[in-house]
Amino acid sequence: MDALRQELAQALWRLSEVAFADWTGQMTEMAQIHGLTLREINTLYELGVNESLKVSEVAARTGLSKAAASQMVERMVRQGLLERAENPANRREKQVRLSPQGRTITRQFDQAALEQIVKVLSRVPDEKIRPLLGAVNAVLEGLETRPPGG
């Protein structure tokens, strides 16, 4: 890894540490309010990104055994957070996806995270935020126009 990218990576990592220093406690509190474990929250986010997954894919992405993932998914279906659906490519295979309630909870977590970042950034003057915003948008544009690994 070249020195410039290493330095940027370290700066971004430090920024995320500062921005989310208080977030863990808030996330834990929100998880308790909704009766969710951190793995269940991870599952909600995985399904938010991937639309639908097989239980075996949920297991792989959460580090659970297939049996434990199946039990967790079943619990989340009973809670109304997930829905089961047929795999259109293989009707014998079931997939899970977010229910409207699961999507709402995921949005609540996203909103709380954004509020935390805004709270931290409110300590930085606008004249320092503007060039950072421009640079971040330029980097994102570059990443979004290149295929992964390209």
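Before going on, a few ground rules. You're looking at a predicted model, where local features need pLDDT of at least 70 and side-chain atom pairs count only at pLDDT 80 or more, though totals for chains, interfaces and linings use all residues. Residues are numbered from 1 along each chain as its sequence is written, and side-chain values use heavy atoms, with hydrogens and water left out. Helices (H or I, at least four residues) and strands (E, at least two) are DSSP runs, numbered from the N terminus.

**How the helices cross**

Two packed helices are described by the angle between their axes and the distance between the axes. Here the axes are lines fitted to C-alpha atoms, for helices over the stretch in contact, and angles run from 0 to 180 degrees between N-to-C directions.

| Pair | Axes come within | Crossing angle |
|---|---|---|
| α3 and α4 (residues 55-62) | 10 Å | roughly 120 degrees |
| α4 and α5 (residues 66-78) | 8 Å | roughly 105 degrees |

α4 and α5 are therefore roughly perpendicular to each other, and their contact is made by V55, S56, V58 and A59 of α4 with K66, A69, S70, M72 and V73 of α5. α3 and α4 are therefore oblique to each other. As for the cut-offs, under 35 degrees counts as roughly parallel, over 145 as roughly antiparallel, 65 to 115 as roughly perpendicular, and the rest as oblique.

**The two sides of α2**

Helix α2 (residues 23-34) has 12 residues and reaches 16 Å from its first C-alpha to its last, close to the 16 Å expected at 1.5 Å a residue. In α2, W23, M30 and A31 are buried (under 20% relative accessible area, with exposed being over 50% and partly exposed in between, using a 1.4 Å probe and protein chains only). These three cover an arc of only 100 degrees around the axis, which puts them on the same side of α2. What covers them includes α3 (38-50) and α6 (100-121). Over on the other side, E29, Q32 and I33 are exposed. After α2 comes G35, whose phi is positive, near 70 degrees.

**Out on a strand**

R91 sits in strand β3 (residues 90-98) and is exposed, with a relative accessible area of 62%.

Terms used. Expected span 1.5 Å × (residues − 1). Arc of directions from axis to C-beta. Contact = heavy atoms within 4.5 Å.
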